[in-house]
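Student: I have a structure open and would like to talk it through with you. Could we take it piece by piece?

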Number of protein chains: 2
Amino acid sequence: VTVATADNEGGRPPAWLGKLLVVGTGLMGTSLGLAVRGAGGAVHLHERDRERLALAASLGAGDPCPDTEVGVGCGSFDLAIAAVPPGQTAAVCLGLLRSGVAAVVSHMASVQLNIEGEIESSIVEVTNFVGGHPVAGRETTGPTGADAGLFHGRPWAICPPATASPEAVAAVSRLARATGAVPVQLGAREHDDLLARVSHVPQLLASVLAATVVEEPASAGLAGPGFRDMTRLADSPAAMWGEIVSANAPAVRAALDALIANLDAVRRELGGEVDETDAAQAIVDLVVRGHAGRALLPGKHGRPARLLASVLVVISDEPGSLARLFADITESAVNVEDVRLEHAPGQPRGVLELAVAPGDRDRLLAALGARGWSAVAGAEAPL
Amino acid sequence: VTVATADNEGGRPPAWLGKLLVVGTGLMGTSLGLAVRGAGGAVHLHERDRERLALAASLGAGDPCPDTEVGVGCGSFDLAIAAVPPGQTAAVCLGLLRSGVAAVVSHMASVQLNIEGEIESSIVEVTNFVGGHPVAGRETTGPTGADAGLFHGRPWAICPPATASPEAVAAVSRLARATGAVPVQLGAREHDDLLARVSHVPQLLASVLAATVVEEPASAGLAGPGFRDMTRLADSPAAMWGEIVSANAPAVRAALDALIANLDAVRRELGGEVDETDAAQAIVDLVVRGHAGRALLPGKHGRPARLLASVLVVISDEPGSLARLFADITESAVNVEDVRLEHAPGQPRGVLELAVAPGDRDRLLAALGARGWSAVAGAEAPL
């Protein structure tokens, strides 16, 4: 069950990618293998767990290396990527660098600074190591969750140590582009600080919020879709996040401090002597700042966010109702930009939200109404 | 463009619902009118903004009251619901109670205690007022966002003051059930405490997180889908949240204190003298507690959460590709329980995640593979 990326089939000559070794066939390593193979590149896979290796190979992520020692029996490589948990990344990179099996060594870990530090303290003036981190992922692990499109359009942070050669940086950038990602070069410390803010602390927040339901089970019954959204990340694997957060402890601590200070400021606005009108205005100001922040997030397909209009359609939960609906949408010749199914708990039906260009909304409403669907116009919102 | 709720058409006799007055035709009031009319009930609408009133009436939410004074010229009502912003709710309820236009008066505000307090301080031993709050909503406002299915399967908190009559409580419960909601009776203070935890504070968190992007615009480029999820609520209207949060300030403050304490505990686990292994274990424990909390959240259709398997399908962004896909799914006779489109930014394609019963996954994979789709098995997760 390979996912071939259609837009890379044929066409692009993969020779400049060279020969790639991926060490570790979890979600990230297997997805990388699938993406590079989809772009026509040559990939070998190394993995201690032989069953997992066979699975990743059968998914089409690359050719399995026969030996249990990294890189042995597969010749030499232009680039080797450590795709292992953050806690093992420095050791695997050092092993690869010392073995000389690959011209350039990089990795995919969510933290950079302590890995760079471990390598720099072991190898003086390292030239052929470059930190890397494709900012992509899913709330799942293992090769079965792999996806050739995982890196498409996502930023791929590239963090070269001061002594890294331009050729090494270029090799990792080429790899990132081959997967459809967008290389973004920045320092290891800056990477870790930014990731603490936009990934590690939000992750902890989701877990902290979800854990409050255990303290107060009565709250579960009153939790709505908003709470579900705010805790979805809490489904992520515990061991992986333990490693990521502890490996980036100083930056996470600083980001937590900043968050706590922000929350404390909100708390003070709601404090004892504050007038209710002043408190309301302070919250309004906060929500408006939040709107501004949301507007800065990149939109679909990496383009700036643009306004879309939504159409809400009531659908039954029977097999075939979505198919009939999408067939009717096709007839209307309106392109659906986004789709979300909102369930109506307690009832075997749901509301499907379709996002379309604002100018297409009325046409879609009319077309669906004419075909017997219960459809209403929803809000306009940036996507 | 009325949304008729098919499962309530005909069938149920609506006589016991009596005659309903809805004051305010925003998202909630219009949705309530649509839901009750869908159940065959009689609804009159009152709204100062005549254009908005005409729009709600034209959507099918009820008959407009001709007079600008509440309830005048429409006879008397069995039940009147104030569906106005939280800051106006107590005044509107008091006006309704004093006018005697309705036998029972309730409301739909996200806060209860200060509204109950204002009414109790104005009317001694009030028997025909009952606080109410359907825990449902959208990140939008106004009648055009209305949805007859908004309350389906959602809890409808019913908060009677100590002096409320059982008949008044029963009338509001019947209304809740008529919309498909599940009545949940609890005290006003308990309601406000629980909502502060599961709704008001998560809402503020989303805004605080989104606002950090304004402080550090570089972080926007590295923000992934997780950050987008954690800030989606930040798109909500500012004025409404200013009113809700300031009206529930003591409970929100207490919930913020609890959250800050929890975050501070995480921060200490990552502090200076803590061993990295201990820190990792503390984070693992937190994430595991979060898993337990997520498992307590009610699942789709109000049933306990159950395990679903996901199938990931690569689709192009052309009109018709979703229709072709759903037609092929229909052929496979597998029921799709949930659907989510994950966009691949930078590329005109996306990955559609289909959630199905675990036993159906392989059949769906085989069927889609046979029809030329690039489909892989994803993770199993509770829905």
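Student: How many bridges join β1(A) to strand β2 of chain A?

Tutor: Keep in mind that this is a predicted model. Strand β2 covers residues 42-46 of chain A, and β1(A) and β2(A) run parallel. As an example of a partnered pair, Leu20(A) has Val43(A) as its bridge partner in β2(A). The number of bridges joining the two strands is 5.

Student: What is the handedness of the β-α-β unit that β1(A), helix α1 and β2(A) make?

Tutor: Follow the chain through helix α1, residues 27-38 of chain A, which belongs to the unit along with β1(A) and β2(A). The β-α-β unit they make is right-handed.

Student: Which residue of β4(A) is the bridge partner of Leu20(A)?

Tutor: Strand β4 spans residues 77-82 of chain A, and β1(A) pairs with it in the parallel sense over 4 bridges. Leu20(A), whose partner in β2(A) is Val43(A), also has a partner in β4(A). That residue is Leu79(A).

Student: How many residues of strand β1 are buried?

Tutor: Strand β1 takes in residues 19-23 of chain A, and it is largely enclosed by the rest of the structure. Out of its 5 residues, the number buried is 4.

Student: Is Cys93(A) buried or exposed?

Tutor: Buried means under 20% relative accessible area. Cys93(A) has 0% relative accessibility, so it falls under that cut-off. Cys159(A), at 1%, counts as buried too. For Cys93(A), the word is buried.

Student: Which residues is Ser173(B) in contact with, leaving aside its neighbours within four places in sequence?

Tutor: Ser173(B) sits in helix α5, residues 166-178 of chain B. At 12% relative accessibility, Ser173(B) counts as buried. Its contacts, with those neighbours set aside, are Ile158(B) and Pro183(B).

Student: Which residues of chain A does Thr231(B) touch?

Tutor: Thr231(B) belongs to helix α7, residues 225-231 of chain B, and is buried at 0% relative accessibility. Not counting residues up to four places away in sequence, Thr231(B) touches Ala206(B), Leu209(B) and Ala210(B), among others. From chain A, Thr231(B) touches Arg294(A) and Leu297(A).

Notes. Residues are numbered from 1 along each chain as its sequence is written. Chains are lettered from A and ligands numbered from 1 in the order in which they are written. This is a predicted model: local features need pLDDT of at least 70, side-chain atom pairs count only at pLDDT 80 or more; totals for chains, interfaces and linings use all residues. Side-chain values use heavy atoms; hydrogens and water are left out. Buried means under 20% relative accessible area, exposed over 50%, partly exposed in between (1.4 Å probe, protein chains only). Two strands pair if DSSP finds at least two bridges between them. A crossover is right-handed if, with the strands pointing away from the viewer, the path from the first strand over the helix to the second runs clockwise. Contact means heavy atoms within 4.5 Å.
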